[in-house]
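Reader: I have a structure open and want to know what the terms used for it rest on. Can we go through them one by one?

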2 protein chains.
Amino acid sequence: MQAIERFAQYLSKHGLKMTRERRALIDHVLSVRGHFDVDDLLGRLRKAGHGVSRATLYRNLPRLVDSGLIHKVEMARGQARYELMLGRHHHDHMICLGCGTILEFESPEVERIQEVVCRRKKFVMTGHSHQIRGYCESCASVGSSPGSAGRRR
Amino acid sequence: MQAIERFAQYLSKHGLKMTRERRALIDHVLSVRGHFDVDDLLGRLRKAGHGVSRATLYRNLPRLVDSGLIHKVEMARGQARYELMLGRHHHDHMICLGCGTILEFESPEVERIQEVVCRRKKFVMTGHSHQIRGYCESCASVGSSPGSAGRRR
DNA sequence: CGCTAGTTGCAACAGAGTCTCAATTATGAT
DNA sequence: ATCATAATTGAGACTCTGTTGCAACTAGCG
């Protein structure tokens, strides 16, 4: 949708500029479905002939996150992925240790419990991350013999 | 406690050896209260005159985790911390973005909900991580002016 | 005691992300 | 439309965590 305008608005509100690179970045982010990481994105941009540097990507992704367009998902140890949030609901993730698949789940109850916990400790929550690790249906059924499931990454 | 014996047992069960370094490591891990990271530990060991190398630390912490003596807490991007689990209950963390304090919380309800969610998606859970980010009581009350709260790290 | 597999330290390496700096450019003011 | 200025960019050096190869060392079984 008018994601670009929305981002433009965010930028001007923060005294930032709408550059060619940022435009390309949004374009491509919008066209990905599912989760992606920095290298995915970099590859796409390059392939499309938009030579956005790694530094620029790293500098701008936090802006996209901040503007609410995308969401960052921290996987284990330095494995950050992003996903489009355009009009989506907040949700958390299950990560398959076998094949890397990411499943999503929503849980209003957990959100509610978090609020209660925070109130009890007088903690002002600004965000959370909640991941469940394990094996997806197909990886689990391949058998519990370790290493027999799909190659990881 | 007989933490050392417990670890020794774990080691022999896995064909591993109880070395001087591992003994020193456990000693020091047991003496820390609260959360610690690799450099904390390294510093303590050095100060105590036990020259354990960084590599050895990195090689052995996973063993301690695996044996159930300690627990690893993944903070944002390459900020791993550990905590003693000796006879403690599972719990999750609230991390103050102002001063870095870590508060703990337990929530059997969340655990239960996770199980339900997993069953629904036929996902075999092996673990989870659940962090709440925000500001602790004192940092929150310092005012929302950014940067005014305690130094981080 | 002696063997052998496990262990250690060192230093080189690897991956992810940040920073510096000179050159470029979007944008508000004129 | 032109200018002035602050933001932005790319390239590469750098940092921070953590890992790995290798030769020397050592725990622990027999």
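Author: Start with the pair of chains. In this predicted model, 35 residues of chain B are in contact with 35 residues of chain A.

Reader: What makes a residue count as in contact here?

Author: The cut-off is heavy atoms within 4.5 Å. On that rule, 35 residues of chain B and 35 residues of chain A qualify.

Reader: How much area do chain B and chain A bury between them?

Author: About 3100 Å², with 61% of it on carbon and sulfur atoms. That figure is summed over both chains.

Reader: Which element of chain B gives the largest share of the side that touches chain A?

Author: E6(B), with 12 residues. Strand E6 (124–135) is one of the elements that each supply at least two residues; helix H5 (108–121) and helix H6 (137–141) of chain B are also among them. By class, this side of chain B has 17 nonpolar, 10 polar and eight charged residues.

Reader: Why are the two copies said to be related as by a two-fold rotation axis?

Author: Look at the superposition. A rotation of 179° with 0.1 Å of shift along its axis places chain B on chain A, at an RMSD of 0.3 Å. The copies are therefore related as by a two-fold rotation axis. The surface is shared too: 100% of the contact residues of chain B recur in chain A.

Reader: Which residue of chain B comes closest to the rotation axis?

Author: B:His130, at 2.0 Å by its C-alpha.

Reader: Now inside one chain. Where are the domains of chain A?

Author: Domain 1 covers 3–84 and domain 2 covers 92–141. Their centres are 24 Å apart over C-alpha atoms. The contact takes six residues from domain 1 and five residues from domain 2.

Reader: How many salt bridges and polar contacts join the two domains of chain A?

Author: Zero salt bridges. Three residue pairs are in polar contact.

Notes: Residues numbered from 1 in each chain as written. Chains lettered and ligands numbered in written order. Predicted model: local features only at pLDDT ≥ 70, side-chain atom pairs only at ≥ 80, totals over all residues. Heavy atoms only, no water. Domains from an automatic or database assignment. Salt bridge = Lys/Arg side-chain N within 4 Å of Asp/Glu carboxyl O. Polar contact = N/O pair within 3.5 Å; in protein donor to acceptor, adjacent residues only side chain to side chain. Least-squares fit on C-alpha atoms with pLDDT ≥ 70 in both. Buried area = accessible area lost by both parts, 1.4 Å probe. Helix = DSSP H or I, 4+ residues; strand = E, 2+ residues; numbered from the N terminus. Nonpolar A, V, L, I, M, F, W, Y, C, P; charged D, E, K, R; others polar.
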